[in-house]
Amino acid sequence: MQKDDLTTGPISGHFRALAVPAAFGMLFATLYNVVDVYFAGMLGTEAQAGLAVGYQAFFIMMAVGFGLGSALSALVSNAKGRKDGTSSRRLAAQGISFGLIATALLMCIGAFSGPFLIALVSEEGVYRDAALGYFNWLLFALPAFLLAYGTNGILQSHGDTVSMQRGLMVAFVANIGLTPLFIFGIPGVWGGMGFNGIAAATILSQTGVMIWIFSRVFALEMMQGVPRDAFIPTWASFREIFAQMLPTTTALVVMFVSGFVVQFALKGFGGEAIAAYGVGLRIEQILLLPVLGMTGALLPIAGQNFGAGEHDRVREALRFCWKVGFVMAAIALPSLWFGGHFAMGLFTDDEAVIEIGASYLRVDAILFPVYMMLFSINSVLQALKKPIWTLWISIYRQGLGVGLFIWVFVSLAGFDVIGVWLGIATAVATGWLLAMFVAGRVAEREMGGLLRAS
């Protein structure tokens, strides 16, 4: 039996083997961002607000990298489940070529669109200038981010979540040293780059992650002896990858645009509100990491078993994911509700920022189990090769719903910043109901039922 075969053996064992390294990898990715937020806080609230806005603009483009990773994970794992080595190799090689072309195009698009997006959600002044400078520097890190996360889908399809974990761990440690070095420089030798030094440190450390992931991909057995002409783009392969990637990428773009909708609503409450939202997101992400590890592991497990026709094992994997996820939610909810004020205080001494951020985390605590079920449904729909439904769910939840309900609570009901949080919560809750309905119908057609065979 191959060690990367997820169609046999205990489901719980596969989750442990995949989810734990993935969660640790995401932990270091999040802590990486926490380091940036911490040092931005040393420069002031305006710097933290600029970081939040610039980061959001940059990560709209990163949706392609995450979507490519999900697409390759689903497609290659399905091919492996069918024991189709030829298709696995073809998709991996074409996926790498796809990522290279997409990176070049996105760097050009970002150079023109980024300043417009930042101006849309910020007020003229110090924090807008900080966001623009950060974004322009961070564009040079786009190849590293997009190619690393995109090709990591090939590793995930083989049950390898350890390689990305190790790469992100080293990047986190490097960032702790590089960020203050580039910001403050060396006394008496170099004065540093100020706020833009955060982006410069990111470029260097993330390029190292990309090189590492590429080395691990090309060390795979299936990549040995792959001819160069396998990487020449072919329309059929690009279309297959694009079709699987597009719904996921578009859903992620909608998610990041949703962040802009929130920032647009918050700019009326001042830079403190935007800074609080940026810090609060980082704290939320840390507690969501175990859930993201579990639901991320669900994709290759469900993908291989669906490809092999083992539908009962797909359902077993989803049930196991939910059981563990509810335990995680029971731990995270009180942590967010009661510990939000303390956690915010670790990043800023601005009392207004702390209070606004703590109110966001209290609302977010209630949503924790809902997020867990939503993420797992997305993984199942991708594994069933029906990612288009994740797009429609995302368009409602993170596009139409967020904008509509924030408008209802803030403009119609007259709430202050808490109305923004309540608008987000209402969109998430109703989006979860929609996702459950859709997943049930899709699973009924594709494998005879979602949680049990009909």
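Q: Where is valine 64 found?
A: Valine 64 lies in helix 3; helices are DSSP runs of H or I with at least four residues, numbered from the N terminus. The model is predicted, so local features need pLDDT of at least 70 and side-chain atom pairs pLDDT 80 or more, while totals for chains, interfaces and linings use all residues. Residues are numbered from 1 along each chain as its sequence is written, and side-chain values use heavy atoms, without hydrogens and water.

Q: Is valine 64 buried or exposed?
A: Valine 64 is buried, because its relative accessible area is 14%, and buried means under 20% (1.4 Å probe, protein chains only).

Q: What does valine 64 contact, beyond its neighbours within four places in sequence?
A: Valine 64 is in contact with Ala102, Leu106, Leu146, Met245 and Thr249, where contact means heavy atoms within 4.5 Å.

Q: And serine 70, buried or exposed?
A: Serine 70 is buried at 18% relative accessible area. Serine 70 also belongs to helix 3 and touches Thr248, Leu299 and Gln382, leaving out residues up to four places away in sequence.

Q: Changing topic, at what angle do helix 3 and helix 6 pack?
A: Helix 3 (residues 63-81) and helix 6 (residues 142-157) pack at about 20°, with their axes 7 Å apart. Therefore helix 3 is roughly parallel to helix 6, as angles under 35 degrees count as roughly parallel. The axes are lines fitted to C-alpha atoms over the stretch in contact, and angles run from 0 to 180 degrees between N-to-C directions.

Q: Which residues of helix 6 meet helix 3?
A: Among them are Leu146, Tyr149, Gly150 and Ile154.

Methods:
Helices (H or I, at least four residues) and strands (E, at least two) are DSSP runs, numbered from the N terminus. Angles under 35 degrees count as roughly parallel, over 145 as roughly antiparallel, 65 to 115 as roughly perpendicular and the rest as oblique. Buried means under 20% relative accessible area, exposed over 50%, partly exposed in between (1.4 Å probe, protein chains only).
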